[in-house]
Amino acid sequence: MRKFNQQFIPNPKEKSFTLPNLPLDIEIGCGVGLHPVQYALKNSERYLVAIEHTREKFDKFLRRYVNHNSPTNLKPVHENGISWVTHLLPDESVDRFYFLYPNPNPKPSQQNKRFHAMPFMEKVISCLKPNGTIHMATNEEFYALECVEFMTKVWKLKCIKNEIYTQADGFIGRTHFERKYLERGGKAFDLIFKK
Ligand SMILES: C[S@@+](CC[C@H](N)C(=O)[O-])C[C@H]1O[C@@H](n2cnc3c(N)ncnc32)[C@H](O)[C@@H]1O
């Protein structure tokens, strides 16, 4: 794996981020924001930064956030998550990262666009506190298998959860994509890795 080199990563719009006095979680690629809003409401003792770079999706997320009375423990960020994390987070500051239904980039030539196969994962792991966790979910079996391979063999993390859910299990999706795939009879591969 190529070493992560942060000088090639563009700067985010924000110049700084003050760490909250609550356990910090980061979600990258939160889409229209169903998961972050529900998560913030359920976990009032935690602080979540939820990042989405597509303007139209971020605007929907922002509307959902405002419609839920703008929870003070949730920070919606319209940004490339790679830029924001790289330049604004110190080492060992994060308890949990969430990558829920990242674009699978299924062509073999696109492997370097999958988060687990990016040098950026080195930065994600250095931002995690000891015992911090990375949560990944996908509907693609190939992606789940490859993710476990990279996270355990390349990044030396411990896989502490590797489960498959379907709608028949009574599992209600946490995100829009998860709901969509489950309704179509698909599977949710749910993975957690520990530093
Ligand atoms: C397949 S969608 C899943 C959205 C949401 N997590 C869900 O499950 O409904 C992937 C999302 O990740 C966003 N995304 C991809 N790369 C990103 C990045 N580097 N920073 C921020 N958002 C990103 C895309 O814009 C898209 O909204």
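Author: What follows describes the sheet, then the helices across it, then its link to the ligand. The model is predicted, and local features need pLDDT of at least 70, side-chain atom pairs count only at pLDDT 80 or more, and totals for chains, interfaces and linings use all residues. Numbering starts from 1 along each chain as its sequence is written.

The sheet is open and has 7 strands, with mixed pairing. Its order is β3-β2-β1-β4-β5-β7-β6 (strands are DSSP runs of E, at least two residues, and helices are runs of H or I, at least four, numbered from the N terminus; two strands pair if DSSP finds at least two bridges between them). At the edges stand β3 (74–78) and β6 (158–165), each pairing on one side only. From one strand to the next, the twist averages 15 degrees (axes are lines fitted to C-alpha atoms, for helices over the stretch in contact, with angles from 0 to 180 degrees between N-to-C directions).

Within the sheet, β1 (residues 24–28) and β4 (residues 94–100) pair in the parallel sense, over 3 bridges. Asp25 stands opposite Arg96 in β4.

Helix α1 (residues 34–42) lies across β1, β2, β3 and β4 and runs at about 175 degrees to β2 (contact: C-beta atoms, placed from the backbone, within 7 Å). Helix α5 (residues 141–154) lies across β5 (128–138), β6 and β7 (188–194), and runs at about 5 degrees to β7.

As for the ligand, 20 residues surround it, with Gly29 and Gly31 among the closest (near: C-beta atom, placed from the backbone, within 6 Å). Strand β2 (47–52) is one of the elements that give two or more residues to this shell.

Note on methods: Two residues are in contact if their C-beta atoms, placed from the backbone, lie within 7 Å.
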